[in-house]
Amino acid sequence: TFELPKESLELIVNLLLDDFTKGLSADEQERSESPVKMLLTYVRAIPDGSEHGEFLALDLGGTNFRVLLISLNRGEVTMESDIYPLDQALMTSDGKTLFGYIAGCISLFVKKNKIKDRSLPLGFTFSFPVRQLSLTSGLLIKWTKGFSAAGVENEDVVQLLKEALIREGDRKSVV
């Protein structure tokens, strides 16, 4: 077995905390010195179990895009979800094409689950380095995981999603 004395563990914890503190520093130079790359977030609280209602959740971060309908009721959770594949051509296309595809998937999901005419809170997991400007705004720093869609880096990904959803809605109303 591998055992460390308590003093060694405390030293490791303190070194990690120092690196975390540097990684979250307001000073850009200090942040750059940290081996732990961290980004500020505007999330103000974690769930406490009292949450209830229905929520839409989006998850983009690999070779699939997932849309979920989550219902929370007195601690009971039910979930419907669909997974939509992302091929290499889509991942390396451009922002309008990628977010248009995402909006189309959302449209299919809300129709399938008969929630088209309902307004639900939406969470968007965008698993790439993002500089958050607010709880509902963030700039893509750099694509990773094989993505390189043009015109997205340094852009607000939430705004790109909103614009694609508007285009999707307009397109559907014309058809």
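Analyst: Start with the aromatic cluster. Phe124, Phe126, Phe128, Trp143 and Phe147 form one such cluster. Keep in mind that this is a predicted model. The structure holds 7 aromatic pairs. One of them joins Trp143 and Phe147, and that pair is stacked. Their ring centres are 5.2 Å apart, with 20° between the planes. The angle falls under the 30 degrees required for stacking, so the label applies. Both partners are shielded. Trp143 counts as buried because its relative accessibility is 6%. Phe147 is buried too, at a relative accessible area of 5%.

Next comes the nonpolar core. The largest one has 31 residues. Within this core, Phe65, Phe99, Phe126 and Trp143 touch the most other members. Phe126 and Trp143 are also named in the aromatic cluster. Several elements give two or more residues to the core: β1, β2, α3 (88–91), α4 (95–112) and α5 (157–174). The largest share comes from α4, with 8 residues.

Leaving aside neighbours within four places in sequence, Phe65 is in contact with Leu58, Asp59 and Leu60, among others. The list also includes Asp82, Ile83, Tyr84 and Leu86. Ile102, Cys105 and Ile106 are in contact with Phe65 as well.

Take the strand pairs in turn. Strand β1 (residues 53–60) and strand β2 (residues 64–73) run antiparallel and are joined by 8 bridges. Gly53 stands opposite Leu72 of β2. A hairpin through 3 residues connects β1 to β2. Between β2 and strand β3 (residues 76–85) there are 10 bridges, again in an antiparallel arrangement. Here Leu69 stands opposite Glu80 in β3. The hairpin of β2 and β3 has 2 residues between the strands, and Arg74 takes a positive phi near 50° in it. The pairing of β1 with β4 is parallel, with 5 bridges. Ala57 has Gly123 in β4 as its bridge partner.

Thr78 is partly exposed because its relative accessible area is 41%. Apart from neighbours within four places in sequence, Thr78 is in contact with Leu69, Ile70 and Ser71. The C-alpha atoms of Thr78 and Glu54 are separated by 9.4 Å, and the two residues are 24 residues apart along the chain.

Ser34 is found in the loop between α2 (28–33) and β1. Ser34 counts as buried because its relative accessibility is 1%. A polar atom of the Ser34 side chain lies 2.8 Å from the backbone oxygen of Asp19. With neighbours within four places in sequence left aside, Ser34 is in contact with Asp19, Lys22 and Gly23.

Two other loop residues need a check of the backbone. Most residues other than glycine have a negative phi. Lys114 is not a glycine, yet has a positive phi of about 55°. Its place is in the loop between α4 and β4 (122–126). Lys114 counts as exposed because its relative accessibility is 71%. Asn154 is not a glycine either and has a positive phi of about 70°. Asn154 sits in the loop between β6 (137–140) and α5. At 55% relative accessibility, Asn154 also counts as exposed.

Methods. Residues numbered from 1 in each chain as written. Predicted model: local features only at pLDDT ≥ 70, side-chain atom pairs only at ≥ 80, totals over all residues. Heavy atoms only, no water. Pairing = 2+ DSSP bridges. Helix = DSSP H or I, 4+ residues; strand = E, 2+ residues; numbered from the N terminus. Buried < 20%, exposed > 50% of the residue type's maximum accessible area, 1.4 Å probe, protein only. Polar contact = N/O pair within 3.5 Å; in protein donor to acceptor, adjacent residues only side chain to side chain. Contact = heavy atoms within 4.5 Å. Core = buried A, V, L, I, M, F, W, Y, C linked by side-chain atoms within 4.5 Å. Phe/Tyr/Trp six-rings, centres within 6.5 Å; stacked < 30°, edge-to-face > 60°.
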